[in-house]
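User: I'd like to go through some labels on this model and check what stands behind each one.

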Amino acid sequence: MGVISMREFNANISAAFARVDGGEDLVVTRKGKQPIRLSPADLKDDEEERARDLARLRELMKMGSGPVGPATYEERTGLDRLL
């Protein structure tokens, strides 16, 4: 785990991100404290999970949804009763 100061981070933000992109955890300190930790994100793209989610979304869209409440402005505000 690397440690850099906030001043160094601000001056060399691209270099700091390059270190994190390279797999290093980086702690950015401010006045000797550790307010920030940067680490590489583990974002795996699971194609099977995405395909399942997309299929489920398509099923839900085909089912549609019925009316869940007043549809018009007049119905929502009660103006239809006044007319």
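User: Which residues make the nonpolar surface patch of about 310 Å²?

Analyst: This is a predicted model. In it, L54, L57 and M61 make that patch.

User: How do you know that the span of α3 is close to the expected one?

Analyst: Helix α3 has 17 residues. From first C-alpha to last, α3 reaches 25 Å. At 1.5 Å a residue, 24 Å is expected, and the two values are close. After α3 comes G64, with a positive phi near 70°.

User: What makes the charged surface patch negative, and which residues gather there?

Analyst: The residues are D46, E48, E49 and D53. Asp and Glu count as negative, so the patch is negative.

User: Why is D46 called partly exposed?

Analyst: The relative accessible area of D46 is 36%. That lies between the 20% and 50% cut-offs, so D46 is partly exposed. D46 is found in the loop between β3 and α3.

User: Why does K33 count as exposed?

Analyst: K33 has 61% relative accessibility. The cut-off is over 50%, so K33 counts as exposed. K33 lies in strand β3, residues 33-38.

Terms used: Residues are numbered from 1 along each chain as its sequence is written. This is a predicted model: local features need pLDDT of at least 70, side-chain atom pairs count only at pLDDT 80 or more; totals for chains, interfaces and linings use all residues. Side-chain values use heavy atoms; hydrogens and water are left out. Helices (H or I, at least four residues) and strands (E, at least two) are DSSP runs, numbered from the N terminus. Buried means under 20% relative accessible area, exposed over 50%, partly exposed in between (1.4 Å probe, protein chains only). Patches are made of residues with over 30% relative accessible area and no salt bridge: like charges are joined within 9 Å, nonpolar side chains (Val, Leu, Ile, Met, Phe, Trp, Tyr) within 5 Å. Accessible areas come from the Shrake-Rupley method with a 1.4 Å probe; for residues, only the protein chains shown count as cover. A salt bridge is a side-chain nitrogen of Lys or Arg within 4 Å of a carboxyl oxygen of Asp or Glu. The place of a charge is taken as NZ of Lys, CZ of Arg, CG of Asp or CD of Glu. The expected span of a helix is 1.5 Å times one less than its number of residues.
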